[in-house]
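Open the model in your viewer and keep the selection tool at hand. The stops below say what to select and what is there.

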Amino acid sequence: MKARGLAGVAEQFTLGYVGSALTGHEQRKGMLVLPYLRPAGGPHAVATIRFRCIANECVKDEEGAYLAPTRKENHRGHGKYLTLPGDMPRLFNTPSLTIDTPFVVITEGEFDAMAWESVEVPAIAYQGTSSWRDHFTLPLLGFGTVYVIADGDKPGIEAAEKLAAQLPNAKVIVLGDGHDSNSYLHKFGAAALRERIGLN
């Protein structure tokens, strides 16, 4: 998280690490834990958990430097993420939907939502282009503007435009040059990221 420039929000999102796994969960050992928190908190505050591979051979180069956020990681033979068996697609960081604000940002991926939150912009994330569900649009209709962030490549732009077509209050923001929100923040800084949606 420090290498991504997101150490400051790790506690806000109650991120964890699987140091030792329960029986039946051994394949998650050594992974980062991404809780999906419900706004109301309480005994059922965690709606679900996703696990993110952070194995050195996948996330570091030969010199031991982290590849992300500016270079592609090398996850071979497995995906970057694991979800709980039978879990359904969900929105990440739904507490941002309860803040009194005229706008919200939507990203593809949890780290990108964290990047926006680190610069004090409310943001939610979906888990990938095939994970969007029709009922996700309903809580977004009350915002004046929903900024749909497009990763700076053709698939990212197409996914953002497809999503924005479902929201009458959406504006697509293209980051360009192959950037996602996290890499854009890392390269250009907090002020530049905020400026992408017209904030100073």
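Start with strand 2, residues 32-37: five of its six residues are buried, so the strand is largely enclosed by the rest of the structure. Buried means under 20% relative accessible area, exposed over 50%, and partly exposed in between, with a 1.4 Å probe and protein chains only. Helices (H or I, at least four residues) and strands (E, at least two) are DSSP runs, numbered from the N terminus.

This is a predicted model, in which local features need pLDDT of at least 70 and side-chain atom pairs count only at pLDDT 80 or more, while totals for chains, interfaces and linings use all residues. Residues are numbered from 1 along each chain as its sequence is written, and side-chain values use heavy atoms, with hydrogens and water left out.

Strand 1 (residues 16-17) runs antiparallel to strand 2 and is joined to it by two bridges; Y17 has L32 as its bridge partner. Strand 3 (residues 46-52) is also antiparallel to strand 2, with six bridges between them, and here L37 is partnered by V46.

Select M31, in the loop between strand 1 and strand 2. M31 is buried, at a relative accessible area of 7%. Its C-alpha atom is 5.0 Å from that of C53, 22 residues apart along the chain. Leaving aside neighbours within four places in sequence, the contacts of M31 (heavy atoms within 4.5 Å) include Y17, F51, C53 and L82.

Move to helix 3, residues 110-118. Eight of its nine residues are buried, so helix 3 is largely enclosed by the rest of the structure. Among the buried ones are D112 and W116. After the helix comes E120, with a positive phi near 65 degrees.

Now select T107, in strand 5 (residues 103-108). T107 is buried, with a relative accessible area of 1%. Not counting residues up to four places away in sequence, T107 touches D112, A113 and W116, among others.

Definitions and conventions: Pairing = 2+ DSSP bridges.
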